[in-house]
Amino acid sequence: MEFLTQFEPMFLASLKSGDYVGFTFFLGSMAMMAATVFFFMQSFNVEGKWRDSMIIAGLITFIAAVHYFYMRDFWAETGTSPTEFRYIDWLLTVPLMCVEFYLILRAVGAKSGLLWKMIFYSVWMLVAGFLGETVFRDQSVLWGFISTLGYAGIVYEVWLGSASKLASNSNDPRLQKAVRALGWFLLVGWAIYPIGYMTIPGGWLDGVLSSEFLDLSYNIGDAINKIGFGLVIYSLAVSKSEAPSQIVKN
Ligand SMILES: *C/C=C(C)/C=C/C=C(C)/C=C/C1=C(C)CCCC1(C)C
């Protein structure tokens with residue numbers, strides 16, 4: 001027992017009552033894990049070419065779940081933002097979300113150029129955001145602006161650019177519906193993150209919202225966007241996989 005007491009701080013992350021940010025870290029890790037199991041299992045229930053999309057949806061929540069285990073302990077131990085873990089997670093998962101777009105649009109003619117363009121925008125967005133939260137924290141507003149250009153590029157591609165054109169030129173209402181739903185996640189769900197970022201000292205919301213709002217909004221944003229994104233892909237994959245057999249049955 002002495003052994004345990006000695007090492008307690010290494011093994012046990014503490015969650016103090018009233019620590020609602022810590023609460024969302026724990027909730028996030030469980031939600032990501034549960035979603036991962038669901039997406040991986042469902043990959044067996046969809047047709048061949050949709051399997052990749054489901055596996056990637058599962059990889060996105062899996063990578064996030066692992067990072068959440070580290071992040072929640074970091075938060076519980078230090079009470080500060082796990083910025084590095086956060087951005088490593090995003091650097092892996094946001095490009096995978098771009099891959100999801102590419103995979104569902106590939107059948108209607110998407111070229112790999114679209115994929116690389118979206119990955120470029122997202123890496124731009126994340127590197128600038130990371131610099132604004134760390135090295136150039138005093139100029140977080142400037143770096144937040146630079147980051148937002150990358151964000152705007154992604155939103156443009158999906159709402160007005162080649163991704164939206166490919167979807168509307170396809171004669172596939174299910175695909176169009178899915179791309180529109182993912183587009184709303186980009187426009188509304190992803191907009192949660194900059195709100196948290198703006199609570200950095202000197203930011204536009206500094207003093208308006210408490211600084212704890214940063215991790216709170218990132219955690220809520222991650223749960224909504226990573227799991228929501230996967231669910232849109234899942235419902236598209238299921239509806240596409242069921243369609244042919246329904247025709248046969250009728
Ligand atoms: C799964 C993780 C996702 C979907 C993360 C998305 C992150 C963003 C959309 C972050 C955007 C930011 C800005 C647009 C400006 C301020 C800096 C960021 C990085 C918070």
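Analyst: A residue is called buried when its relative accessible area is under 20%, exposed when over 50%, and partly exposed in between, using a 1.4 Å probe and protein chains only. In this predicted model, aspartate 222 and lysine 226 are both buried. Residues are numbered from 1 along each chain as its sequence is written, and side-chain values use heavy atoms, with hydrogens and water left out. As the model is predicted, local features need pLDDT of at least 70 and side-chain atom pairs count only at pLDDT 80 or more, whereas totals for chains, interfaces and linings use all residues.

User: How many salt bridges does a search of the whole structure find, and which residues are linked in a network?

Analyst: Side chains of opposite charge can pair when their charged atoms come close; the criterion is a side-chain nitrogen of Lys or Arg within 4 Å of a carboxyl oxygen of Asp or Glu. The search finds six salt bridges, and the network links Arg86, Asp215, Asp222 and Lys226. Arginine 86 meets aspartate 215 with N and O 2.7 Å apart, a pair that joins helix H4 (residues 83-106) to helix H10 across 129 residues of sequence. Helices here are DSSP runs of H or I with at least four residues, numbered from the N terminus. Arginine 86 counts as buried because its relative accessibility is 2%, and aspartate 215 is likewise buried, at 3%.

User: Where does aspartate 222 lie, and with which lysine does aspartate 222 form a salt bridge?

Analyst: Aspartate 222 lies in helix H10 and its partner arginine 86 in helix H4, so this pair ties together parts that are 136 residues apart in sequence; the closest N and O atoms of the two are 3.6 Å apart. Aspartate 222 also pairs with lysine 226, at 3.3 Å between the closest N and O atoms, and these two residues of helix H10 are four residues apart, about one turn of the helix.

User: How many aromatic pairs does the structure hold, and why is the pair of tyrosine 193 and tyrosine 218 tilted or otherwise?

Analyst: A pair of aromatic rings is described by the distance of the centres and the angle of the planes. Rings of Phe, Tyr and Trp (its six-membered ring) pair if their centres lie within 6.5 Å, and planes under 30 degrees apart count as stacked, over 60 as edge-to-face and the rest as tilted. The structure holds 17 aromatic pairs. The rings of tyrosine 193 and tyrosine 218 have centres 6.0 Å apart and planes at 40 degrees, so the pair is tilted. Tyrosine 193 belongs to helix H9 (residues 192-197) and tyrosine 218 to helix H10 (residues 213-249), so the pair ties together parts 25 residues apart in sequence. Both tyrosines are buried, and ring pairs link Tyr87, Trp90, Phe130, Tyr193 and Tyr218 into a cluster.
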